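This note is written for a colleague who is meeting the structure for the first time.

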Amino acid sequence: MGKRKRPQPVNFIDLDQPTTGHGNRKKLKESENIETVQLVPPSTSDTSPVRRCKQSTAEVETSGASPSQKRKLDSRAFEYCFQNLWRSSPEEKKIQFTYLDCLWFSLYLKAAHRRKVLKWIKNKQIFSKKYVFVPIVCWSHWSLLIFCHFDEKPESKTRKPCMLLLDSLQEANPRRLEPEIRKFVMDIFKDDGRCKNLKVIGDIPLMVPKVPQQKNGEECGKFVLYFIHLFMKAAPEKFSIKDYPYFMKENWFTEEGVCQFFKTFGHFEDDICL
């Protein structure tokens, strides 16, 4: 067995050319080596960026590796698992949710791509949904941002919009992302023309619940997928800050639950489990 390559940074290419969305990506096979991934657009009818990714950040076991030799899932593997999850979710649940591509936030942080990302987000019509999943991958770590009730006006008193940031590595200080998240949200509202009072947008609460924590440095991607899965199942009809954190607590789920989830939706080796 040859020497394992070290993870490489994500490289983005051909950003002016959109793809037809996640559903047309090639399926990741169990035996596939995912160190290098290229996504090619079949047409130009959708809003997702074209990209070539070197290993990014969630965990996967490649064929031939021992249980102790775990790699992190790249963005394509993450999306493959996510799409398995999304397709299996009840329609009555999905109608309340939408999601952003897992690399859009990191692309937004690059000034050269910001306008393109905001255009893609505007086309997603996120303000028509109760909940929006925003997977974030920054500094080789996955976390999950959730917009709650962005279908309501920021001034609303009955169902006030808020944001949740779920991070399985609290010691990494999730709030370090808050300045970028707030700028991101401000630009989304401004680009859509939803609200002229920028102070109200800036006051949208950002909450960081104490969720179950990963055991090592390579489990964050699995936890983000499981956060999405369980949040979809248990999200209240009306998210109220008064009842926060609801089910999102330190004992929200078990390690066995994560393991079983990946057997069902990940289609990887059993030893990917915690």
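1. A salt bridge is here a side-chain nitrogen of Lys or Arg within 4 Å of a carboxyl oxygen of Asp or Glu. In this predicted model, Arg175, Glu178 and Arg182 are joined in a network of such salt bridges. Over the whole structure, the search returns nine salt bridges.

2. The side chains of Arg115 and Asp191 form a salt bridge, with an N to O distance of 2.5 Å. This pair links distant parts of the chain: Arg115 belongs to helix 4 (residues 114–124) and Asp191 to helix 5 (residues 178–192), and the two are 76 residues apart. Arg115 is exposed, at 55% relative accessibility, whereas Asp191 is partly exposed, with a relative accessible area of 22%.

3. A salt bridge also joins the side chains of Lys183 and Asp187, at 3.3 Å from N to O. Both residues lie in helix 5; because they are four residues apart there, about one helical turn separates them. Lys183 counts as partly exposed, its relative accessibility being 41%. Asp187, by contrast, is buried, with a relative accessible area of 12%.

4. Between Glu255 and Lys215 the side chains meet in a salt bridge of 3.5 Å, N to O. Glu255 is in helix 8 (residues 255–265), while Lys215 is in the loop between strand 10 (206–207) and helix 7 (220–234), so the pair ties together parts that are 40 residues apart in sequence. Lys215 is exposed, at 62% relative accessibility; Glu255 is partly exposed, at 35%.

5. The cysteines call for a separate remark. A disulfide is a covalent bond between the sulfur atoms of two cysteines. How many disulfides does the count give? The count comes to zero disulfides. Cys148 takes part in no disulfide, and the nearest cysteine sulfur, that of Cys162, is 4.1 Å away.

Notes:
Residues numbered from 1 in each chain as written. Predicted model: local features only at pLDDT ≥ 70, side-chain atom pairs only at ≥ 80, totals over all residues. Heavy atoms only, no water. Buried < 20%, exposed > 50% of the residue type's maximum accessible area, 1.4 Å probe, protein only. Disulfide = S-S within 2.5 Å.
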